[in-house]
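Hello,

Here is the structure I promised you. Please open it next to this email and follow along.

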Amino acid sequence: MQEIAWQISLVLMALVGFGFTFVALKSGRRCEDYTPLQKKAYRLRLKLFWLLALVFGPSMIYTLIKLPYDATFAKSNADARPPQVISATGYQWYWKLSGTEIEAGRLVEFRVTSADVNHGFGIYNTDMKIVAQVQAMPGYTNTLQHTFDKAGTYKIMCLEYCGTVHHAMVAELNVVAPEGRNKI
Ligand code: CUA
């Protein structure tokens with residue numbers, strides 16, 4: 001689903017880009033029939049266009065590069081080995097994990113469920129920024145795929161209020177650098 005949304009966004013962004021280029025090329029040709037006053041206004045408009053293009057163009061490219069690539073590219077970056085699988089179950093008020101040691105640079109598949117009420121399974125990096133999350137629901141197993149690119153101690157915290165000790169639903173994941181490679 002995420003992949004489809006991502007691809008549709010890319011196509012739409014490309015269309016907008018083509019539209020801009022088309023208008024920019026087209027608008028260059030008509031300046032000769034403009035009266036001097038209109039010419040001045042036209043030149044101002046052209047300057048404004050390039051100013052906006054130069055300001056927003058690079059920031060758009062920067063944003064595109066910085067967008068999370070997990071959905072589309074994680075699989076091609078990860079090696080051919082099967083994903084590391086971790087089963088996670090939420091309880092009032094703790095997490096039960098089938099493992100806590102993860103290798104960086106290799107796909108992890110979390111299979112997340114709950115034994116009682118709805119919880120939120122949120123993974124935070126060492127800067128306490130959220131890197132991935134999925135709902136933990138009784139009766140369902142939701143899968144969450146993520147490739148950790150940096151080693152370190154990550155935290156799992158509950159993202160949905162689930163009772164008086166909700167705030168204490170914290171677990172830790174130990175992400176280690178891949179064996180035989182340099183530490184990341
Ligand atoms: Cu579990 Cu909040």
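Strands, like helices, are DSSP runs, and each is numbered from the N terminus. A strand needs at least two residues, a helix at least four. Keep in mind that this is a predicted model.

Start with the loop between strand E1 (84-91) and strand E2 (94-97). Trp93 lies there.

Now step back to the whole chain. The protein chain has 184 residues. Its secondary structure comes to 3 helices and 9 strands. What is the order of the elements from the N terminus on? It runs α-α-α-β-β-β-β-β-β-β-β-β. Of the residues, 27% count as buried. The chain exposes about 12,500 Å². Carbon and sulfur atoms supply 62% of that area. Then there are the contacts with a separation of 6 or more. Residues 24 or more positions apart account for 63% of them.

Next, the helix pair. Helix H1 covers residues 2-27, and helix H2 covers residues 36-66. Their axes come within 12 Å. They cross at roughly 160°. Angles over 145 degrees count as roughly antiparallel, so H1 and H2 are roughly antiparallel to each other. The crossing is left-handed.

Which residues meet where H1 and H2 touch? From H1 come Trp6, Met13, Phe20, Ala24 and Ser27. From H2 come Tyr42, Phe49 and Leu64. These contact residues divide into 7 nonpolar, 1 polar and no charged.

Go on to Met128. This residue sits in the loop between strand E5 (119-124) and strand E6 (130-136). Its phi is positive, about 60°, although Met128 is not a glycine. Is Met128 buried, partly exposed or exposed? Buried means under 20% relative accessible area, and exposed means over 50%. Met128 has 41% relative accessibility, so it counts as partly exposed.

Last stop: Asn142. You will find Asn142 in strand E7 (residues 142-147). Which residues does Asn142 contact, leaving aside its neighbours within four places in sequence? They are Phe110, Arg111, Val112, Val134, Gln135 and Met137. Take Phe110 from that list. Asn142 and Phe110 are 32 residues apart in sequence. In space, they are 8.0 Å apart, C-alpha to C-alpha.

Over to you.

Best wishes

Conventions. Residues are numbered from 1 along each chain as its sequence is written. This is a predicted model: local features need pLDDT of at least 70, side-chain atom pairs count only at pLDDT 80 or more; totals for chains, interfaces and linings use all residues. Side-chain values use heavy atoms; hydrogens and water are left out. Buried means under 20% relative accessible area, exposed over 50%, partly exposed in between (1.4 Å probe, protein chains only). Axes are lines fitted to C-alpha atoms, for helices over the stretch in contact, and angles run from 0 to 180 degrees between N-to-C directions. Angles under 35 degrees count as roughly parallel, over 145 as roughly antiparallel, 65 to 115 as roughly perpendicular and the rest as oblique. A crossing is left-handed if the near helix is turned anticlockwise from the far one by less than a right angle, and right-handed if clockwise. Contact means heavy atoms within 4.5 Å. Ala, Val, Leu, Ile, Met, Phe, Trp, Tyr, Cys and Pro count as nonpolar, Asp, Glu, Lys and Arg as charged, and the others, Gly among them, as polar. Accessible areas come from the Shrake-Rupley method with a 1.4 Å probe; for residues, only the protein chains shown count as cover.
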